[in-house]
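Please have the sequence and the structure open while reading.

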Amino acid sequence: MKKKFKFNSIILLVLPALLFYTIFMFAPMVSSFALSLYNWNGFSKNMEFIGMQNYINLVKDADYWNSLRITFGILIIGGIVIFFLAFLFTAFFTTGIKGKKFFRTIIFYPMVISQIALAIFWTFLYNPRFGLINVILRAMHLDFLAKTWTGKDLIFWSVMVALVWTYVGFFFVLLLSGAEKIPKDFYDVGKVEGANRFNMFFKVTIPLLWDVLYIAIIFWVITALKLFEFLFAFTGGSTVPKELWSNSVYMVLLTFGRQGAFYKLGYGSAVAVFLVIFILILVAIVRLIMRARESVEY
Amino acid sequence: MKKIILFVLVITIAISMLLVGTSCKTTAVETTTAGETAAETTAVVETTAVAEEPIELVFLSIEAEGDKATEVLKTAIEDFNNDNEYNATVTPIWAGLEVPAKLQAMLQSGEPPDIFQYSPELISEMLVPDGLAVPLDDFMANTNAYKEEVKIKDLFVTGLLENLCKDKDGTIYTFPMRWYPQVFWYNKAYARELGVISGEGDPIAADGMIPDTWPKFMELCDYLKGKGVAPIVADAGINYYTLSYFGYFCDRIMGMGALREAVENDPTGAKIDDPGFLEAAKCVETIAQNDWVIEGADGYQWPAGQIDWANGAGFMLLLHTFMPQQVAEVVAERDWEWGAFPFPSNEGWEGSRFDLDALANGAAILTNCPNKDAAFNFLLRTMTAEYQSKYSQEVLQLACRQGIPAPEIFKDLEKILANQTGTFRTYGMTPQALPSEYNAKVMLPLDDELFLGKISAEDFIKQWKEQHIAFYAAAQ
């Protein structure tokens, strides 16, 4: 009797969340998979069932692989730079520097601004003629360094810099909040043992930050894989050049982009399904790597 | 516990399957075969039955709330809603550029609009294959303009209906509402300062150094470069803007529609071997090799290029008639007099310099519309002389109706239009004359390379042909 009551209670408590998750998360995912088995433009009532053909085409699609290359470029290169800088700031701000709150706010600030506004702001900075970057370089008589930052050759790297600037603050604050919770005693012991700053950071801070770092990396993986707004707005909200066709940009182009969409909703759904699979695989990899090192309880 | 989890999972999957099954069902949009639709349309034209029940016509528009064009269009809606013999009212949805996504949602929810405003190309792509758009040929041929004794089809400006709004099969599905031809723009005050013109700079007489031929165009560019002025400004960060050069050269050299013909009607790529395409590519190569395009053009993220141009960074800008409004605030602060001239042609070339490339948009009536007569009558209200004049003078754009004076900023353009010999669709710009996927994957990236001088004309043709064949092979 008691067991049955417990079972009913669990079902009752879980049901609202479960229904919500089913309707708004799980059902669209299954629906996307179902759509990916059709040749469909999103307008027609005639959906042609083509089985796995969209997936076969995807494997042969050079533009899709190019979009993956760009996405993983942002994920890996951007990730390394962002976490390097975030750790650098964390290390710096845990030394007891004055004005920490002020600098933390400044560094975090880009995260509270709309991605669209940030992207437009950066296009002005990068403008080859009147952009602040080139104006400063020319004023310093460094004309040879004044480049066409948003030209085809450099646009990926220019976007990367802007993305790092945008996201580093968020990850810095995340890591700093974890670092600040580490008891001072650990560092005192380290000092007594003769550890220098470098050793203390790697032997004390990082192991004790392991759980926060795990969440931060997962968050960055998901952010990088579904990055769209910034890339879209950076190129004027019009046609995104091939150099910035990330996986998400390509998916929007395929399905229902504002201008120049290909209207291949079935094919676009196949890209979306692959994206979900990639996210799951990457999260699993990160989990495996992070689990390999036990987090330290304190 | 395992049983509970299993139970929960089964329930979850069952609900998902139910939802997916529902969402994948085809929409309840009533469609008919093309033949039936045409017959129905003819019948509708002949009847003038007044609906007994009030009818609401949902109008899904590309216009955005707050735009001047929208405000003017609202007057036509108000006019219709206040006085029509169909007991009908038009309810607009101002969707802006999100209009395709909105249409998708409305179609899938089984509540399509009755009237849909977008580009003719995309109306053909989205609605025509399923018989969702009503052919308007009979309406156009048999209906008089609103309260006038002239057929509506005879009121549109040159080529608008025939060249911009017809489907590939020759049927008209789009009632023209906007059009934007593309010409070279320049500041006459600046041109006088530079010695390019001394007087009015008439585009027809090609006063001063205003070019009417390709050799004269090259002379002008050399002259400007010699003066230290960038001859051409282009928002080359937008790849479909730069395609206008290659597109125009193709159609000047081989005649209107040459590029479209080669792209759409020949998967083998044999037509690309036509020497005209190489000649067109060489013309673009000449522009690139001589550095006539402003430095850093490929880094411009729209609207940086046109703003720079309006600030006097270069001499001319090839763009559609929507551009002057976009830079109005910048030019207001300068000594500015709008000048325009058409893309030059040359002796021996097929196309005239008065064949203008243009964009258009318009409205389609959907087959589910409860009263097509009423819907068409509403569209007729947007073509009255009064409405078109209001549109022209308040929105500062060109009217779709003949004989409506152009705004002052289009004084030169008005002269060009008076001599217009033909109209063809802009190739790169959205709405696109070429298939959007082809443009995005093949034509635009390659044309970019050519325009920015990164590949030669010969390489461009070679790579174009290879990628063209690969594109169609992959599409099969």
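## Terms and model

Axes are lines fitted to C-alpha atoms, for helices over the stretch in contact, and angles run from 0 to 180 degrees between N-to-C directions. Helices (H or I, at least four residues) and strands (E, at least two) are DSSP runs, numbered from the N terminus.

This is a predicted model, in which local features need pLDDT of at least 70 and side-chain atom pairs count only at pLDDT 80 or more, while totals for chains, interfaces and linings use all residues. Residues are numbered from 1 along each chain as its sequence is written, chains are lettered from A and ligands numbered from 1 in the order in which they are written, and side-chain values use heavy atoms, leaving out hydrogens and water.

## Helices α3 and α16 of chain B

In chain B, helix α3 (residues 68-82) packs against helix α16 (residues 372-381) at an angle of about 130 degrees, and their axes are 9 Å apart. α3(B) is therefore oblique to α16(B); angles under 35 degrees count as roughly parallel, over 145 as roughly antiparallel, 65 to 115 as roughly perpendicular and the rest as oblique. The crossing is right-handed, that is, the near helix is turned clockwise from the far one by less than a right angle.

On the α3(B) side, the contact (heavy atoms within 4.5 Å) involves B:Ala76, B:Ile77, B:Asp79 and B:Phe80, and on the α16(B) side B:Ala374, B:Asn377, B:Phe378 and B:Arg381. By class, there are five nonpolar, one polar and two charged residues in this contact. Ala, Val, Leu, Ile, Met, Phe, Trp, Tyr, Cys and Pro count as nonpolar, Asp, Glu, Lys and Arg as charged, and the others, Gly among them, as polar.

## Helices α7 and α9 of chain A

Helix α7 (residues 155-180) and helix α9 (residues 197-225) of chain A pack at about 150 degrees, with axes 9 Å apart. This angle makes α7(A) roughly antiparallel to α9(A). Their crossing is right-handed.

Among the contacting residues are A:Phe170, A:Phe171 and A:Gly178 of α7(A), and A:Thr205, A:Phe219 and A:Trp220 of α9(A). The contact has twelve nonpolar, three polar and no charged residues.

## A cavity in chain B

Of the lining, the largest share, three residues, comes from β6(B). Seven lining residues are nonpolar, none polar and one charged.
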